Amino acid sequence: MADIHRALDGRTSTVLVHRSGTGVAGTVMVGYDGHRGWVYYVAVRRADRGRGIGRALLTAAEDWLRERGAVKVQLMVRHGNDVGAYYEQLGYADVGATTYGKWLTGP
Ligand SMILES: CC(C)(COP(=O)(O)OP(=O)(O)OC[C@H]1O[C@@H](n2cnc3c(N)ncnc32)[C@H](O)[C@@H]1OP(=O)(O)O)[C@@H](O)C(=O)NCCC(=O)NCCS
């Protein structure tokens, strides 16, 4: 939750929500670091998958970034998550980079 609050508090990031009649059906966190746009935590409630909500969330995130001047959007996929083909049919491509991370405060 803390990272969601940080994203909502910042001027360069937000969390977009897709609501259905029964509550929150999907979310995506989006941020622009001045060089690239990034999306995180793309997720759709299991019962609502396959209805285009994931696509709509990504389109909304891309529009949010375009409005702020971002020219490229990137995302990370954890090893073992076979979601790559999903992103490819939405126009995303493996950029051939490995991401390294380091905690600055502890996990
Ligand atoms: C990936 C996810 C966001 C897709 O959301 P969604 O709302 O179901 O997606 P859409 O309705 O926009 O698209 C559905 C289409 O994508 C396809 N698709 C869904 N998951 C896929 C996958 N892992 N690989 C390939 N295709 C996939 C579906 O078969 C469907 O195809 P169709 O339109 O030809 O029937 C959703 O499955 C999810 O929340 N997954 C768990 C969280 C996750 O892994 N997120 C990604 C983190 S990087």
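Predicted model: local features only at pLDDT ≥ 70, side-chain atom pairs only at ≥ 80, totals over all residues.

**Entry 1: the overall layout**

I started by counting elements, and the chain has 3 helices and 4 strands. Reading along the sequence, I got the pattern α-β-β-β-α-β-α. Next I checked the radius of gyration, which is 14 Å; the globule rule gives 13 Å for 107 residues, so the chain is as compact as a globular protein of that length. The C-alpha atoms fill a box of roughly 40 × 30 × 30 Å along the principal axes.

I looked up burial too: 29% of the 107 residues are buried. The chain exposes about 7,900 Å², and carbon and sulfur atoms supply 52% of that. For contacts with a separation of 6 or more, I found that 44% join residues 24 or more positions apart.

**Entry 2: who pairs with whom**

Strand S1 (residues 13-20) pairs with S2 in the antiparallel sense, over 8 bridges. Those two form a hairpin with 2 residues between them.

I found Val30 opposite Val39 in S3, and Gly31 opposite Trp38 in S3.

Then came S4 (residues 73-75), which pairs with S3 in the parallel sense over 3 bridges. Gly37 has Val73 in S4 as its bridge partner. What lies between S3 and S4 in the β-α-β unit? I found helix H2 (residues 53-67) there, and the unit is right-handed.

**Entry 3: a closer look at S2**

How many of the 10 residues of S2 are buried? I got 7, so S2 is largely enclosed by the rest of the structure.

Is Ala25 buried or exposed? Its relative accessible area is 1%, and buried means under 20%, so Ala25 counts as buried. I listed what Ala25 touches, leaving out residues up to four places away in sequence: His18, Arg19, Ser20, Ala43, Val44, Arg45, Asp48 and Ile53. I looked at Arg45 again: Ala25 and Arg45 are 20 residues apart in sequence, but 5.1 Å apart in space, C-alpha to C-alpha.

A reminder from class: in soluble globular proteins, nonpolar side chains tend to be buried together. Here the largest nonpolar core has 19 residues, and Val30 and Val39 have the most contacts inside it. S2, S3 and H2 are the elements that give two or more residues to this core. H2 gives the most, with 6 residues.

I went back to Val30 to see its neighbours. Leaving out residues up to four places away in sequence, Val30 touches residues including Thr12, Ser13, Thr14 and Leu16. Its list also has Trp38 and Val39, plus Ala61, Trp64 and Leu65. So much for the tour; I ended on the pair I kept meeting, Val30 and Val39, which stand opposite each other and have the most contacts inside the largest nonpolar core.

Terms used
Residues numbered from 1 in each chain as written. Heavy atoms only, no water. Pairing = 2+ DSSP bridges. Right-handed = clockwise from strand over helix to strand, strands pointing away. Rg over C-alpha atoms; globule rule 2.2 N^0.38 Å. Buried < 20%, exposed > 50% of the residue type's maximum accessible area, 1.4 Å probe, protein only. Contact = heavy atoms within 4.5 Å. Areas by Shrake-Rupley, 256 points an atom, 1.4 Å probe, with all protein chains shown as cover. Core = buried A, V, L, I, M, F, W, Y, C linked by side-chain atoms within 4.5 Å.
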